[in-house]
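I am opening a notebook on this structure and will write down what I looked up, one topic at a time.

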Number of protein chains: 2
Amino acid sequence: MRIISYEERGAARIGVVAGPESFIPVGDIAPSLPASLRALLAMPDGLTRLKDAAAGKAGTRSLKELRFLPVIPDPHVTWALALNFKKHIEETGLTTSKEFPHLFIRTPASLVGHGAPLLCPPPEIAKEFDYEGELCVIIGRGGRHIPAAKAFDHIAGFSCFNEGSVREYQRHNRNFGLGKNFERSGSVGPWLMTADEFGDPARQRVITRLNGIERQNAPLDDMLFSVAQVIQYLSAGYALRPGDMIAMGTPGALPPHPGETLQPSGRHKILGQVNMKPGDTVEVEITGLGVLVNPIVADEKAAYRPV
Amino acid sequence: MRIISYEERGAARIGVVAGPESFIPVGDIAPSLPASLRALLAMPDGLTRLKDAAAGKAGTRSLKELRFLPVIPDPHVTWALALNFKKHIEETGLTTSKEFPHLFIRTPASLVGHGAPLLCPPPEIAKEFDYEGELCVIIGRGGRHIPAAKAFDHIAGFSCFNEGSVREYQRHNRNFGLGKNFERSGSVGPWLMTADEFGDPARQRVITRLNGIERQNAPLDDMLFSVAQVIQYLSAGYALRPGDMIAMGTPGALPPHPGETLQPSGRHKILGQVNMKPGDTVEVEITGLGVLVNPIVADEKAAYRPV
């Protein structure tokens, strides 16, 4: 089952994808279920009830021109991993613990849904605005001290994540802080695919394209820490909550394509990493799951705007 | 005006402190105002309407045995500063940027209100569970690219913050991650004191006591980055939201008291920093504002608990 979060008439809603171009609003088939995916996941039988309600039903609405929200628009927390793919560690030359996963947090304000524009900071603020294609894990049943062998009992599903980063700010200090939390700088979607349908993530790949050109393409079994290990680690510190998201880290850059001239990007001089600019379109595909597409638009210039 | 968030019959409520031991439930004097402080701050005239409604009214309820919640239980984000007091930078020997504030994020699950127990991790998980007394800034009016000179127009008020930290986990990697986000490891309260009543934070001090013994006592004008500078910095990246919290960093340790024998604590061998243990009581005072008190209790042992 694939579940979308979307906005209609100012309210958040959820739907079940019913084909390549259509979906069923959950309010139409199961009005007693919540309009929030986080709240649905918090019900012990939420996914089962939704699956039963959607069984055999045909799509009634088009996925086109829908305003997708982040799969979980209001999570308790969104974790993201730094330096979790061996090739990305090599290309940055950065060191990271081989014993413990490297984690930081992203705010809801930093994320948009499928199709929504990502905001490129104005040049007076920053110039290195980068994609990071990643697998996103979404927690279903909560828990504490979850052993890796039980981790999959706690996963509701998976999604695609673009962990968009403003490199200059990320480098300001030891903690990445604001560099990973610019307004509408990342995305998650298009949908949550339930764990039973997606199967083992280690058999899939993550692919990132900028303007149709592949820039990342790596197997999800190249992770330093697996999904199960990260769930075990985090749950030693706090009780994972339904709807918590974990972006599993990004792989290295593909080399430039034949005949292509690229300047190495960033302080680490990564050849094949290309900054995002207004007018670009970025895609993150997780094979077997779907493709998250976002256009890049220029953020407003740096002028005081009280709201 | 001092505003509390508290829990009653399973629901979050707010109240106005009316004396040393009493408060007025907002629902009793202004039933049309929201029961959430974040929602109140999001109303352009929320604080003014509450002040008018409470004017001249006497307290009707006791502050004792109230279940305080974190001042903002459900913020969009809680930022915290690392290494923002000159003496704390010296004692840790750590380096930090002198150009940019050093920021990371705490989850709602990591915070409790005044009087609620802080959970000390079981020894098989971690042994260095430390207090960090801090000033907390709470955003009122949102905004983007806020100049430092306008920052105070965007502050609703201030509170006391205990940025409780699990040092072993904080040191696992470059980003502090889980080490700053153990379940119920920190606190914020007892109340939000409005900016008009609190005045200039730089004239006040932060004091931390463990079991009644002072362990930190520093002027709030010893900060590397001021409240106004941090607001300017953050708002360059995203639009600050009503209810966003910023914990401004912790000062250094006081030396041991005369006749006291203490072992230096942690990898940085800080003399005067004392780990918190079950049975302890920790207090963070901001002079002119109030005292945040929390008992320390042992968290359950590390056994699998699905929820």
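**Entry 1: where the chains meet**

I began between the chains and found that strand E21 (residues 305-306) of chain A and E12(B) run antiparallel and are joined by two bridges. I take strands (E, at least two residues) and helices (H or I, at least four residues) as DSSP runs, numbered from the N terminus, and I say that two strands pair if DSSP finds at least two bridges between them. For A:Pro306, I noted B:Gly143 in E12(B) as the bridge partner.

Before going further I recorded that this is a predicted model, in which local features need pLDDT of at least 70 and side-chain atom pairs count only at pLDDT 80 or more, while totals for chains, interfaces and linings use all residues. Residues are numbered from 1 along each chain as its sequence is written, and chains are lettered from A and ligands numbered from 1 in the order in which they are written.

I then looked up the whole contact, which takes 45 residues from chain A and 45 residues from chain B; two residues are in contact if their C-beta atoms, placed from the backbone, lie within 7 Å. On the side of chain B that touches chain A, strand E7 (103-106), strand E12 (143-144) and strand E21 (305-306) of chain B each supply at least two residues, and E7(B) gives the most, with three residues.

**Entry 2: a sheet in chain B**

Next I followed an open sheet of five strands in chain B, with mixed pairing and the order E9-E20-E19-E16-E17. Its edge strands, each pairing on one side only, are strand E9 (118-120) and strand E17 (213-219) of chain B.

**Entry 3: a helix in chain A**

Which residues of helix H3 (residues 46-54) of chain A are buried? I listed A:Leu47, A:Leu50 and A:Ala54, where buried stands for 20 or more other C-beta atoms within 10 Å of a residue's own, exposed for 12 or fewer, and partly exposed for in between, with C-beta atoms placed from the backbone. Seen down the axis of H3(A), these buried residues fall within an arc of 65° (the arc of the directions from the helix axis to the C-beta atoms), so they line one face of the helix. The face turned away from the buried side of H3(A) carries the exposed residues A:Thr48 and A:Asp52. Just after H3(A), I noted that A:Gly56 takes a positive phi of about 75°.
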